[in-house]
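Please look through the structure below before reading on. The paragraphs that follow go from charged pairs to the sheet, its helices and the nonpolar cores.

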Amino acid sequence: MTLLTIYMPSKRSLAGSRDAIESALAYAGHVDAQLIVSDNSGDMEKRRWLEGLSPRLHAVVSDAESAADNWRAAFERVKTPFLLPMGDDDLVSFREDEEPVDLAALPADAIGVRPVTQIWTLSDGVRQTERFPLVETTPGARFAEYSRKARGNNSSYYSIFRSAPFLSLMRLFVDEHPT
């Protein structure tokens, strides 16, 4: 049974999102996951390209005008116990010789799995590689620990999370956030 869904709200054109989608599909194949792309780009070339691209891909044509509504169109379709949020300008990679994390073996109190992340820009390349765990025992202490270790980057978003608590928080954010 597939335990993981990668969900990607996508506003960029095919040219702007192709690398991200292809990397997500490669990763999905490596870890036996599915990919949901909620596309509100209006790019007909992209929509044609997405059709039949992979049995792991669920392409959603979205007429959402806001980013929040396009997020909702993607994450409302997540049915697996774990998810990995991903932007349409991000890349996910893996090593063929490494076994994927066994999500079924995670303790019930583990909310997620934080990968190695790299902060990069087109002009400078990789600017920072993050490999730190979050080990503090209370939520407040973990937030403080993350803030200290991340040095201003929001890369924990690109982690594998248990779907139920993550989606509950995202729904609250999308439905109630004032901006």
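Glu98 forms a salt bridge with Arg95, with the closest N and O atoms 3.6 Å apart; a salt bridge here is a side-chain nitrogen of Lys or Arg within 4 Å of a carboxyl oxygen of Asp or Glu. Glu98 is partly exposed at a relative accessible area of 43%, and Arg95 is partly exposed at 48%. On this scale buried means under 20% relative accessible area, exposed means over 50%, and partly exposed lies in between, computed with a 1.4 Å probe on protein chains only. The model is predicted: local features need pLDDT of at least 70, side-chain atom pairs count only at pLDDT 80 or more, and totals for chains, interfaces and linings use all residues. Residues are numbered from 1 along each chain as its sequence is written, and side-chain values use heavy atoms, leaving out hydrogens and water.

Side chains of opposite charge can pair when their charged atoms come close. The whole structure holds 14 salt bridges. One of them joins Glu22 and Arg18 at 3.0 Å, N to O. Both residues lie in helix H1, 4 residues apart, about one turn of the helix. Helices (H or I, at least four residues) and strands (E, at least two) are DSSP runs, numbered from the N terminus. Glu22 is partly exposed, with a relative accessible area of 36%, and Arg18 is partly exposed at 34%.

Another salt bridge, between Arg114 and Glu130, also has an N to O distance of 3.0 Å. This pair links distant parts of the chain, 16 residues apart: Arg114 is in the loop between S5 and strand S6 (117–121), and Glu130 is in strand S7 (residues 125–130). Glu130 is buried, with a relative accessible area of 2%. Arg12, Asp88 and Asp89 are linked in a network of salt bridges.

Next comes the sheet. It is open and has 6 strands in the order S3-S2-S1-S4-S8-S5, with mixed pairing; two strands pair if DSSP finds at least two bridges between them. Strand S3 (57–61) and strand S5 (112–113) are the edge strands, each pairing on one side only. Strands S1 (residues 4–10) and S2 (residues 33–39) run parallel and are joined by 7 bridges. Within this pair, Met8 stands opposite Val37 in S2.

Helix H1 (residues 14–31) packs on the sheet, touching S1, S2, S3, strand S4 (82–85) and strand S8 (160–162); contact means heavy atoms within 4.5 Å. The direction of H1 makes about 175° with that of S1. Such angles run from 0 to 180 degrees between N-to-C directions, with axes fitted to C-alpha atoms, for helices over the stretch in contact. Helix H5 (residues 163–176) also packs on the sheet, touching S1, S4 and S8, and its direction makes about 90° with that of S8.

The largest nonpolar core has 23 residues, and Leu4, Ile6, Met8, Ile21, Leu35 and Ile160 have the most contacts inside it. A nonpolar core is a set of buried Ala, Val, Leu, Ile, Met, Phe, Trp, Tyr and Cys residues joined through side-chain atoms within 4.5 Å. H1 supplies the largest share of this core, 7 residues. Leaving aside neighbours within four places in sequence, Leu4 is in contact with residues including Tyr27, Val31, Phe82 and Ile160. A second, separate core of 12 residues includes Val78, Leu83, Phe166 and Val174. Phe166 is buried, and so is Phe161.
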